Amino acid sequence: MSNRIRNKKLLKRVCSAKEAAMLIKDNMNVAASGFTPSGYPKAVPLALAEICKENKEKIKINLYTGASVGDELDGSWARADIIKKRLPYQTNESLRDHTNKGRCEFLDMHLSHVPNYVKLGFLGKIDIAIIEAVAITKEGHIIPSTSIGASPTYVKMADKVIVEINTSQPLELEGMADICIPQNPPYKRPLPIVLPNDRIGTDYIPCGLDKIAAIVITDIEDNVRSLSPIDETSEKISENLINFLKKEVELGRLTNELLPLQSGVGSVANAVLAGLGKSEFENLVCYTEVIQDSMLDLIDTNKVLFASGTAITPSIEGLKKFKENIKTYRDRIILRPQEISNHPEIIRRLGVIAMNTAIEADIYGNVNSTNIMGSRMMNGIGGSGDFTRNAYLSIFTTSSTAKNGEISSIVPMVSHHDHTEHDVMVIITEQGVADLRGLSPKERAEKIINNCAHPDFKPMLLDYFSRAKEKSYGHTPHILGEALSWHERFMEKGTMIVE
């Protein structure tokens, strides 16, 4: 264990997960490492849930993370009714149900904003931070595992830190991190990243010996999610995207090396990246949040030369491959804090091509990526807004229908606005591509309906748009009552769309 805990004084702070969990008290603000869902603490959260179950003790805390974490944290704490407020993003079924039943509050946030909110005190003080690590240095600094997320800021601002040393995480992760914590206004300075592989910080999270209150040894692996097989719809979306990018090259707006790529999470996003592996594009680089299976595959085939992100988020099979080939990947991947990976300044400077997924898009180019029927939280906005607002090209992909074709994903008016028409440049479904740049609202509506809507719903959308133009002389024609009730016509009460 000396290669994991490199200061002998810290050995006295090694304890059981239960002993560490007892440091967490009612009404605390607890921060945890983890990002979609990777590199998050597991043993201590499970122990706290068990304590609450055994003692029937009521503990309610506010839980802050980088993004989503595994069931060992979000799920076990939701089922134990521990979470009073949660931010900024989640993908757990138990927590989602808990939230939508009103049993805990959920603050959906742009991920790049979270560290600033914490540093400036908008969210109150951090009582305890629980951080997964592969090692602790002699100076008491933390070598993070497979995600960085908001951990550097949480460690900096926390009164106490509990470190989970996870022996299932390879020591070769050391050196992959690039930790920089920007100063608060008015002392912020430009971030000197002009290429995705530029390094500007340390390979450890600054902490110090005195702040570490407990160390727990565990070997629980990340509860990573399986990715759905690439189906015909996803493959067609990927094909449409690649053809769009080819056209941009032909028009001289891009080169064959494109620009740094960002991709959201999930099976559709993974399929889109997989399509690039079959394309003629070469020497690609990525500046993104999460590094999924297809991005590792692109690195394997030298399609992608380098990738910068904040988390390694593969499937079960992808995680195994990552660990087996980590010596190769560690030279071609940088993991940064999310306030750097998602920083508007860098995204704009690099000219990132942002590719994210939508739950639904409306005929004027507004996108909903968070709420079902406008009120039931799915996962959250994540980093899609950070990239969409600042990208060289902002692209949203979605299947044209949901719930086995029963519902159109192209609607007259989205039930919840996450990305406005002002930020969305391109919408792509398996039906086609709508390039919205330079178009007025009515021109966008015609392009989206004709190019992206499913044939089963296109007549209804065209009829709505035609009648809206007749009844409204507005800049963006709507029949408000009908637009708002559109969703109820195609969804049975109580059902939800699940990605």
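Me: Which residues does the UniProt annotation "domain: Acetyl-CoA hydrolase/transferase C-terminal" cover?
Reply: According to the unreviewed UniProt entry, this domain covers residues 318-464. Annotations of this kind may be inferred rather than shown by experiment, and UniProt positions are given in the numbering used here, with feature names shortened. Residues are numbered from 1 along each chain as its sequence is written. The model is predicted, so local features need pLDDT of at least 70, side-chain atom pairs count only at pLDDT 80 or more, and totals for chains, interfaces and linings use all residues, while side-chain values use heavy atoms, with hydrogens and water left out.

Me: What is the helix and strand content of residues 318-464?
Reply: The span is 31% helix and 23% strand, where helices (H or I, at least four residues) and strands (E, at least two) are DSSP runs numbered from the N terminus. Its end C-alpha atoms lie 45 Å apart.

Me: Why is strand β5 called mostly covered?
Reply: Buried means under 20% relative accessible area, exposed over 50%, and partly exposed in between (1.4 Å probe, protein chains only). In β5 (residues 126-136), 11 of its 11 residues are buried.

Me: What makes β1 and β5 a pair?
Reply: Two strands pair if DSSP finds at least two bridges between them. Three bridges join β1 (residues 29-32) to β5, therefore the two strands pair, and they run parallel. Ala-32 stands opposite Ile-130 in β5.

Me: How many bridges join β5 to β7, and how many join β5 to β6?
Reply: Six bridges join β5 to the parallel strand β7 (residues 158-166), with Ile-131 partnered by Val-163 in β7. Three bridges link β5 to the antiparallel strand β6 (residues 142-144), and the partner of Ala-135 in β6 is Ile-143.
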